[in-house]
Amino acid sequence: MEDCLRLRGRRAPDNYGYSYHGDYNQHVLCGSAVSSGQEPIKHTTRPITTSSTVIGLKFNGGTIVMSDTGVCYGNMLRFKSCERFCQVGDRTVVAASGEYSDFQYLTRDLKEMDTRDWVQEDGCSREPSSIAAYLGRTFYGQRSRLDPYWNQMIMAGWQKTSNEPYLGYIDLYGTTFPEDYIASGFGSYLAIPLLRKEYRPDMTEDEAKALLQKCFMALFYRDCTGLSTVQYAVATSAGIRLSDVSTLTHKWDYKLWLTPTSQLPVSASSW
Amino acid sequence: MMGEWSSGEGLQQHMQSHGSVPRPVSNPPMEHRFMPYQNNGGTVFAVAGPTYAVAMADTRLSSGMRILSRNTTKCTQLTSKCVVLTGGMQAEMVELHKRMKILITQYEHAHRREPSVNAVAQLLSTRLYFKRFFPYYTFNVVVGLDEEGKGAVYGYDAIGSFERIPYVSQGTGAELVTSVLDNQIGKTNQTKQLEPLDKTDLIDLAKDVIAAAGERDIYTGDYAEVYVIDETGVNKSKVDLRKE
Amino acid sequence: MYRNLYDTDPTTWSPQGRIHQIEYAMEAVKQGTCVVGLRSKTHVVLGALKKAQTQMSSHQQKLYKVDDHVGFAASGLTADARVLASYMRTQCQQEKYEFDEALPVGRLVADVGDRSQANTQRMGKRPYGVGLLVAGSDMTGPHLFETCPSGNYFEYEAMALGSRCQSAKTYLEKHFKTFKEVSVDDLIMHALKALKKASETADDEITAESVDIAIVGAEQKFKILSNEELQVYLDRLASEVTAAEGGEAPMDTT
């Protein structure tokens, strides 16, 4: 029967720590997670290769999510052109911050799920909210094994049945909720104040994009792991549009910044 | 970037990298461990009346000092006259509520009627205790109308201890709320005999109480969901709270 | 005396290329009382004739609610129907838990098909002796499916199963082209009329006790009508029959 379940667009229940007849595997909680006579099972105890901010917001007629393209190894900006978006189906896109390898694994998982749905050929496709619920269960299942997927995911999409935009958040604990605007990583500190000040639900797509670019400029100037190359995805009733990578225009030749501090009056530091 | 490392690690690293305090040879190897719990804050409470019950929960969702969401519910309607409200960790709340809904659907299939409020209350206790050694980090209130049509309120701890009481509050603002409810509903420390509150007064009091909690508790605020459960069923409304 | 050598288990083929155990199971479906299903643009209605084993017993259950958006009518072995009901409920709850969404009806039916098929290919197993008419509503609209013990399943506009279902089928075949546009009330009436055709051949009357009707639609959770609700339609049926017979008083059925 397990094979049948897989074919029907679902994985075996054990994968998300839930089985209808049983419950969470409580054995993972009883101290050492060592399988019989084998190497100790290794859990993710800290992220290694990480990406930072993703910001998403709903505008009038759609949702936009933006991220930069940087991925760090510790404090080193190790990879500078990584795509952090994963499109699932025809109207959902997931953007991730946090451990990049976990994101790549989840990308594969989501794509597989999408394929399993597609082979049904029954015209049913998953709503973004439904994919968010699935990711929420997946993240919660892993955290309950004390081996979390170390990510914060922001997902954008278009809800077909209610005909409205969707924006949702999922994190390593399994926290899930929909919101009007969400920022992850360093953006949850630096971008949220900007969004609170300038966000309106009736923004046009261009206004929304401009606001996100403004946020990413602030992040580029202040977040040492931030990059000026960004990419964004837009979800509307027409589907998903993933942009090319573009570079934000930035400016460093302010007079105060060019003058050596020693030559400045004491009161004129740059902040 | 993300502050989910185990506590104390930063200090140890600091000491090692500066080399000023050599690590004693007997020190056990430093262990990193993922902490599976977080408190997302929020206040929930409920008061039972003679033929009705009132329940409230704010909708703020916090993580550390950040507000993640201003509009995320802590309540789930389980039957036509029963609601569960949960403070603590949001991910666990989602899981627990989903599981409760599944179990109640199974009950309905088996018995061809919905469970009574005290059956739901007992079920929640059993679920919580089932995870006694890896508890749900949730603080629950079950509220509804019992089989006699009386308001019923049940309060829980995280591992399933529960009791039916006239009023209860849970979550980060619980202490603030409890003291007012003790005074106004429990009539403790009153010098003269006070009349019990009627339904409208009780709802107004409840709104004031959650607003007051929102003024003093940083994890409580934004909006409050108000549930009034009476013979007409579950009536839901929303009030504004402080947004900072 | 002739004895069939090839029908003792479902893993043996007959030289004619048949698997007799499956065919016997398909026959079991025809032993049950008649059930009908019919679909409009918005709703699906299921109807069933119920039998009481003896006068002292209650009527058997023919309609099963699986979830808010889906249910079925069964003909054949009731015990097998109950097992499948439990399985289908599990599948729907699993989907709700995982995806916060109702399981599409077609996928639920495919699950039942796969499970039934597995029973036809294992030594020591027997096929389910029950056929289901599955009615449900999902994001692609209302659906009516039939499942067979063989593992086959088909989608229909209208269908009838069980003993003496042929007369019900004849009725449905005559009218199904009009079903798409009719109201829920009329759809229920069509179901009752089809059931009436089947019960007439058995010289039975249809009453609120001997009939079950369920409806489901996009805005309508799966609901089995109560006797009182059903009586309204039965009264309408009786008056329509009277009118058709030229306004005579209804036949005394005591």
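Helices in these legends are DSSP runs (H or I) of at least four residues, numbered from the N terminus. The model shown in every view is a predicted one.

**View 1. Ser125(B), a buried residue in helix α3 of chain B.** Is Ser125(B) buried or exposed? Its relative accessibility is 9%, so Ser125(B) counts as buried, the cut-off for that class being under 20%. Setting aside residues up to four places away in sequence, Ser125(B) touches Tyr156(B), Gly160(B) and Phe162(B).

**View 2. Asp117(A) in contact with Arg126(A) and Arg107(C).** Here we turn to helix α2 of chain A, residues 100–118, where Asp117(A) is found. Asp117(A) has a relative accessible area of 6% and is therefore buried. Which residues does Asp117(A) contact, once its neighbours within four places in sequence are left aside? They are Arg126(A), and Arg107(C) from chain C.

**View 3. Helix α2 of chain B packed with helix α2 of chain C.** Two packed helices are described by the angle between their axes and the distance between the axes. In this pair, residues 90–111 of chain B and residues 78–99 of chain C form the two helices, with an angle of about 160° and axes 10 Å apart. That angle makes α2(B) roughly antiparallel to α2(C), since angles over 145 degrees fall in that class. The crossing of α2(B) past α2(C) is right-handed.

**View 4. Residues that make the contact of α2(B) with α2(C).** Staying with the helix pair, we can look at the side chains and ask which residues of α2(B) make the contact. They are Glu95(B), Lys98(B), Ile102(B), Thr105(B) and His109(B). From α2(C) come Arg89(C), Gln93(C), Lys96(C) and Tyr97(C). By class, the residues of this contact divide into four charged, three polar and two nonpolar.

**View 5. An annotated stretch of chain C, residues 6–28.** An unreviewed UniProt entry annotates these residues as "domain: Proteasome alpha-type subunits". How much of the stretch is helix, and how much is strand? Over residues 6–28 the chain is 39% helix and 0% strand. The end C-alpha atoms of the stretch lie 19 Å apart.

**View 6. Chain A, with its six helices and 14 strands.** For context around Asp117(A), this view takes in the chain that holds it. Chain A has 271 residues, of which 55% are buried. Of the contacts in chain A with a separation of 6 or more, 63% join residues 24 or more positions apart.

Definitions and conventions
Residues numbered from 1 in each chain as written. Chains lettered and ligands numbered in written order. Predicted model: local features only at pLDDT ≥ 70, side-chain atom pairs only at ≥ 80, totals over all residues. Heavy atoms only, no water. Axes fitted to C-alpha atoms, helices over the stretch in contact; angles between N-to-C directions. Parallel < 35°, antiparallel > 145°, perpendicular 65-115°, else oblique. Left-handed = near helix turned anticlockwise from the far one by under 90°. Contact = heavy atoms within 4.5 Å. Nonpolar A, V, L, I, M, F, W, Y, C, P; charged D, E, K, R; others polar. Buried < 20%, exposed > 50% of the residue type's maximum accessible area, 1.4 Å probe, protein only. UniProt positions renumbered as here; feature names shortened; annotations may be inferred.
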